[in-house]
Amino acid sequence: MEVMEEGEETVEPEIQESEKMLADEPFDLDELLPVIGEFGRYQKLLLWLICLPACIPCGFCAFNQLFMTDVPEEYWCRVPELVNFTAEERKLYSIPLVEHDGVESYSKCSRYAVDWKEILKYSDEMEGPLAPNSSWPTEPCRDGWEYNTTVVQSSIVIDFNLVCDYDIYPTLGLVALNTGGPVGVYLFGLLNDRSGRRISYFSCLATLLAGSFLTAASTSFWMWAFSRVIVGLTIPAVYQIPFIIALELVGPNYRSFVTVMTCTFYTFGIMMLAGVTYLIRDWVKLTLYTSVPFLLYFLYLLVMPESPRWLLMKGKLEQALLILETMARVNGKQLPDSFRKRLQQRVLAEKSRTTKRTETSIGAFDLCKTPNMRLKTILITLNWFANETVYLGLSYYGPSLGENQYLSFFLSSLVEIPSYIICWIIMDRWGRRWPMCLLMILSGISCIVTVVLTEDAVTETLILYLLSKSMISASFLIIYPFAGELYPTQVRGVGIGTSSYIGGLGLIVIPFITYLGKENLRLPLVIMGCVSVLGGFTGLRLPETLHHRLPQTLEEGELFGQDWTFDECFRCIPSKKSPSSSYENLSHDPSDAALELNAGVPINAGILATGSGSCSTERTPLELARIRRQSMKRLVRQASTMDTQKTKDGAMQLTYWF
């Protein structure tokens with residue numbers, strides 16, 4: 001008994017010393033979340049009641065414009081002198097017949113250039129019916145147009161006469177919407193980092209609603225287009241900010257789930273929009289119905305928390321602790337006092353590092369200084385451009401296909417949901433490269449083969465379109481984590497930001513491609529299909545990242561994939577590497593260096609070999625538990641494939657990801 005007491009007295013000081021040394025190490029919030037709940041009741045309530053519903057305005061306001069610009073199938077020149085005649089008589093008397101594809105129909109952009117007062121006077125004198133003469137000269141419509149509003153009852157095309165020589169204007173409206181996106185992400189990204197997630201989200205929401213109200217009040221096309229730029233400023237950001245809040249409050253094991261659910265709710269929002277547009281045919285009312293309800297979201301001011309990661313990054317320890325205590329209490333846990341002390345030490349350490357930091361800034365040009373890194377950057381950006389352009393182009397083109405534009409738009413959104421689930425399953429089994437490239441190639445082929453179908457093959461064209469949309473949606477979901485794993489940690493934020501911004505240029509180009517469908521319905525599909533196939537084949541040149549240690553520095557990034565061979569193009573399932581090189585090596589992190597030195601082993605020693613004899617004899621039980629937690633955190637960092645990039649302080653960054 002005395003021997004055991006002596007042993008306890010000997011071990012106790014060692015454990016206390018180990019606790020002291022471990023308390024001095026830099027601390028990441030991911031280590032606290034398993035203690036107070038990675039995905040407990042607090043996170044579930046936050047996710048289901050706040051963050052996921054907060055993503056819906058993005059889909060509503062990004063695509064309601066497609067139905068504001070509906071073009072009636074039948075329209076003709078207005079002739080004020082014939083106002084007392086019926087619509088059929090006005091067309092018969094004043095509109096010349098033109099032949100198109102062997103079928104005669106009334107011209108939409110010209111009328112007879114005659115003096116109607118004289119002709120009507122002559123007709124009255126002759127007391128006979130007015131008879132048109134095909135030899136009469138013609139002229140463009142100079143008094144506006146008349147529209148058949150049986151199907152399309154209201155749109156800006158009707159109100160502002162955007163047909164014939166002005167039919168490109170609705171396309172310019174889409175360009176205006178997409179032009180605002182990159183600017184808005186930059187501005188709200190700055191606000192997001194400087195003032196916090198809450199202020200950034202509600203500022204973004206207020207801007208979105210102001211732009212929508214201005215849209216509804218527009219009295220001219222240019223006023224309407226300006227309002228769409230304001231709405232466009234918020235489109236990606238209003239989706240991403242609640243997504244980031246959710247990511248920062250759940251543990252690493254659940255970030256994949258949160259990302260897939262966020263995409264799913266976004267898609268549900270688009271499906272709901274299809275129903276709203278079917279019921280509301282007036283474009284002004286549609287604008288208000290798809291924006292006014294979101295005024296209720298300002299009630300979230302009472303319950304939406306600030307991100308504790310951001311608060312810690314800004315040194316606001318007490319506010320962060322209040323949120324973490326609330327989280328722990330709602331989850332039925334308790335915030336340990338030891339974590340309070342370590343959080344405080346982290347804040348103090350971060351303040352001292354901020355004052356002493358003299359690191360050289362790294363920019364986008366550093367990605368292109370070495371040949372392998374330059375090639376990977378070009379290929380990643382090309383694939384991002386192809387994915388984003390084709391995905392949005394197919395989303396815009398959905399209402400143009402099929403016999404019912406509302407049903408086609410609904411189905412084009414519905415097919416995204418199973419693609420997300422399948423993608424979530426296969427990318428952690430078959431890797432990133434092959435699923436992404438194969439989906440892009442098959443999506444492109446599905447679009448291209450529509451060119452061999454006959455003009456009356458409406459249903460077949462719609463089916464091929466839906467298959468293509470489903471596959472490009474899954475591919476677009478893969479490109480984000482794939483790019484994040486290919487770029488080294490040192491330049492991950494810069495790399496993803498650069499690729500996404502350049503890829504976003506496709507959002508400005510794609511409306512002009514869909515505009516070509518006015519003359520040839522399948523031409524835009526063929527163009528988008530070629531872009532998708534090209535992106536898919538070039539992506540095969542990228543190295544696989546699953547089961548590989550991810551690069552940390554630019555030097556490691558240059559070496560990663562340098563031994564690529566042509567045979568890898570035909571390797572569908574990636575080979576597994578040894579555990580020591582399978583996951584992200586964080587030994588460059590000061591916390592890991594301190595951990596290994598405190599454990600009495602050299603830096604970069606095999607961190608996963610905790611079962612060896614040397615480890616069991618030289619390290620205390622507390623240190624072994626700590627090492628196991630660190631090892632699991634390494635595994636989780638790559639297993640959480642849907643994670644977004646972080647700053648060095650652990651806070652999520654806002655990225656232009658439509």
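The secondary structure of the protein chain comprises 29 helices and 6 strands. The model is a predicted one. Of the 658 residues in the protein chain, 55% are buried.

**The chain as a whole**

**Cavities**

- Rolling a probe the size of a water molecule over the atoms shows where empty space is left.
- The structure holds 5 cavities of 30 Å³ or more.
- The volume of the second largest cavity is about 70 Å³. This cavity is lined by 13 residues, of which Phe67, Asp70, Ser154, Arg281 and Tyr406 are the closest to its centre.
- Sorted by class, the lining of the second largest cavity consists of 7 nonpolar, 3 polar and 3 charged residues.

**Helix α10**

- Helix α10 covers residues 197-216. At 1.5 Å a residue, its 20 residues should span 28 Å, and the 29 Å between its end C-alpha atoms agrees with this.
- The buried residues of α10 include Arg197, Tyr201, Phe202, Cys204, Leu205, Leu208 and Leu209. Ser200, Gly211, Ser212, Thr215 and Ala216 are also buried in α10.

**The loop between α8 and α9**

- Most residues other than glycine have a negative phi, and most peptide bonds are trans.
- Asparagine 161 has a positive phi, near 55°, although this residue is not a glycine. Asparagine 161 is placed in the loop between α8 (156-160) and α9 (169-195).
- Cysteine 164, likewise not a glycine, has a positive phi of about 55°. Cysteine 164 is also found in the loop between α8 and α9.
- Are these two residues buried or partly exposed? Asparagine 161 counts as partly exposed because its relative accessibility is 24%, whereas cysteine 164, at 12%, counts as buried.

- Helix α21 runs over residues 433-448.
- Why is α21 described as largely enclosed by the rest of the structure? The reason is that 12 of its 16 residues are buried.
- Among the buried residues of α21 are Arg433, Trp434, Pro435, Met436, Cys437 and Leu439. Met440, Ile441, Ser443, Gly444, Ser446 and Cys447 are buried in α21 as well.
- The cover over the buried residues of α21 includes α18, α20 (416-426), α22 (458-486) and α25 (523-539).
- Valine 533 is located in helix α25. With a relative accessibility of 15%, valine 533 counts as buried.
- Not counting residues up to four places away in sequence, valine 533 touches Met440, Ile441, Gly444, Ile445 and Ile448.
- The C-alpha atoms of valine 533 and leucine 442 are 7.5 Å apart in space, while the two residues are 91 residues apart in sequence.

**Helix α18**

- Phenylalanine 385 belongs to helix α18 (residues 371-397). Phenylalanine 385 counts as partly exposed because its relative accessibility is 27%.
- Phenylalanine 385 lies 115 residues from serine 500 in sequence, and their C-alpha atoms are 7.7 Å apart in space.
- Neighbours within four places in sequence left aside, phenylalanine 385 is in contact with Ile502, Gly503, Leu505 and Gly506.
- Threonine 381 also has its place in helix α18. At 10% relative accessibility, threonine 381 counts as buried.
- Which residues are in contact with threonine 381, leaving aside its neighbours within four places in sequence? They are Tyr487, Ser499 and Ile502.

**The loop between α16 and α17**

- Glutamine 334 lies in the loop between α16 (317-330) and α17 (337-356). Its relative accessible area is 66%, so glutamine 334 is exposed.
- Glutamine 334 and glycine 37 are 297 residues apart along the chain, and 9.6 Å separates their C-alpha atoms.
- Apart from residues up to four places away in sequence, glutamine 334 touches Val35, Ile36 and Ala328.

Methods. Residues numbered from 1 in each chain as written. Predicted model: local features only at pLDDT ≥ 70, side-chain atom pairs only at ≥ 80, totals over all residues. Heavy atoms only, no water. Helix = DSSP H or I, 4+ residues; strand = E, 2+ residues; numbered from the N terminus. Expected span 1.5 Å × (residues − 1). Buried < 20%, exposed > 50% of the residue type's maximum accessible area, 1.4 Å probe, protein only. 1 Å grid on protein atoms, 1.4 Å probe; cavity = no way out; pocket = protein on both sides within 12 Å on 5 of 7 lines; lining within 4 Å. Points joined across faces, edges and corners; volume = space filled by probe spheres on them. Nonpolar A, V, L, I, M, F, W, Y, C, P; charged D, E, K, R; others polar. Contact = heavy atoms within 4.5 Å.
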